[in-house]
Amino acid sequence: MEWITLLVTSLIALGAAGLAVILVKQRSRREAQLRDVQSAYASLRDTRSQVELLSGRHAALTTRFEEVQGDNLRKAEWLDNLEKENEWFRQELEKRPRVTRRTYKILTLGISGTGKTALTLKWANPLTDLGALAGTKIDRYQRTVSLVTGKEAMTEHVFEIGDWGGEYIVDAHQELVMDEVHGLLLVVDLAGRDATRVEPERIQQQLRDFQAEVLKFFFGPRTVASCKTVVLFINKSDVLSGTPAEVEREARSLYKQLIDDLEKHDAQLNVHVLVGSATSGHSIHHLFSHFVERILPSTAYDAQLLQRMRADSAAGPR
Ligand SMILES: Nc1nc2c(ncn2[C@@H]2O[C@H](COP(=O)(O)OP(=O)(O)OP(=O)(O)O)[C@@H](O)[C@H]2O)c(=O)[nH]1
Ligand SMILES: [Mg+2]
């Protein structure tokens with residue numbers, strides 16, 4: 001009996017030990033499973049925050065894309081309008097008459113310092129403040145004289161004044177020989193730079209410089225063919241005193257020899273004498289009117305020019 005009890009006890013102990021082993025194994029498996037679940041949960045959390053980050057970026061990109069698309073649409077619309085505007089301008093331009101330019105050339109001649117540049121500037125713009133003038137080599141000034149509308153084309157008539165410095169009179173002569181010149185402005189003066197009274201020596205020098213033989217040299221066949229007028233402008237009338245008529249008389253008498261020599265060419269070249277002053281403006285408008293009358297064809301007058309010419313002749317001598 002005793003061995004039976006021993007056997008049963010042993011069997012129970014064995015069973016309990018086996019059960020304990022099984023329980024330990026099960027526990028460690030559950031712990032491993034729990035770790036797996038925890039790590040899977042952590043990686044799920046990571047993935048979720050990445051998804052949130054990416055969907056945030058996606059939303060920002062979508063907004064930017066929509067902005068760019070909107071911009072593109074506005075630009076396309078703007079380009080479209082620009083093209084329509086261009087087309088409108090092109091059609092308007094086609095409707096307008098073409099503008100052609102007719103240029104009439106006027107050259108200045110005279111020794112240095114007689115006031116050629118001062119006269120040209122005053123003439124181009126009467127409001128010019130002369131200030132300090134430096135000697136010139138060559139300057140060219142253009143002034144639109146009239147704009148005439150024809151059936152198919154518009155013609156702009158322009159005076160181009162070639163202002164040659166006195167030191168470059170040889171080059172001025174060269175241009176006279178080579179080019180078609182429509183008017184000549186010979187400028188002499190009664191006194192030098194900054195003078196306040198007549199300088200007879202200076203006048204004598206100019207009479208020698210433009211004596212009859214020299215004038216022939218200037219008025220060659222080309223000039224005679226194209227030049228419509230030669231204006232002798234006796235400048236710096238402001239250094240003379242007296243009434244306008246007295247000033248005119250005295251200036252003309254001082255340059256009598258030159259006036260007589262020039263008038264010998266009057267049959268081929270229209271010669272016109274003016275006494276005036278670039279500083280005071282005396283006779284400047286006559287200079288302009290005279291060149292317009294002699295050079296511009298009658299078909300080249302526009303309403304504005306006609307009005308100006310009428311006003312100039314009504315104003316009379318200044
Ligand atoms: N008193 C007086 N001085 C004048 C008159 N016109 C010009 N001047 C002066 O004369 C000087 C010469 O004038 P410019 O116009 O430079 O003479 P220019 O003939 O062009 O001289 P170059 O270019 O060297 O040939 C300047 O000091 C002018 O202020 C005028 O009508 N009266
Ligand atoms: Mg000059």
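A residue is called buried when its relative accessible area is under 20%, exposed when it is over 50%, and partly exposed in between, using a 1.4 Å probe and protein chains only. By that criterion K236, at 15% relative accessibility, counts as buried. The model is predicted: local features need pLDDT of at least 70, side-chain atom pairs count only at pLDDT 80 or more, and totals for chains, interfaces and linings use all residues. Residues are numbered from 1 along each chain as its sequence is written, and side-chain values use heavy atoms, with hydrogens and water left out.

The protein contains 10 helices and 6 strands, which are DSSP runs (helices H or I, at least four residues; strands E, at least two) numbered from the N terminus. Its radius of gyration, 50 Å, is well over the 20 Å that the globule rule gives for 318 residues, so the protein is more spread out than a compact globule. Here the radius is taken over C-alpha atoms, and the rule is 2.2 Å times the number of residues to the power 0.38. Along the principal axes, the C-alpha atoms fill a box of roughly 180 × 50 × 40 Å. Of the 318 residues, 36% count as buried.

The interior can be followed through its nonpolar cores, each a set of buried Ala, Val, Leu, Ile, Met, Phe, Trp, Tyr and Cys residues joined through side-chain atoms within 4.5 Å. In the largest core, of 34 residues, the members touching the most others are L232, I234, Y255, L258 and L262. Leaving aside neighbours within four places in sequence, L262 is in contact (heavy atoms within 4.5 Å) with L186, L215, F219, V230, L232 and V271. A second, separate core of 27 residues includes I106, I161, F233 and I284.

F233 is also one of the residues touched by S283, together with L274, V275 and G276, not counting residues up to four places away in sequence. S283 lies in the loop between β6 (271-275) and α9 (284-295) and is buried, with a relative accessible area of 4%.

Most residues other than glycine have a negative phi. K236, in the loop between β5 (229-235) and α7 (244-254), has a positive phi of about 75° although it is not a glycine. D194, in the loop between β4 (183-189) and α4 (200-209), likewise has a positive phi, near 60°. While K236 is buried, D194 counts as exposed, at 80% relative accessibility.

Notes:
Chains are lettered from A and ligands numbered from 1 in the order in which they are written.
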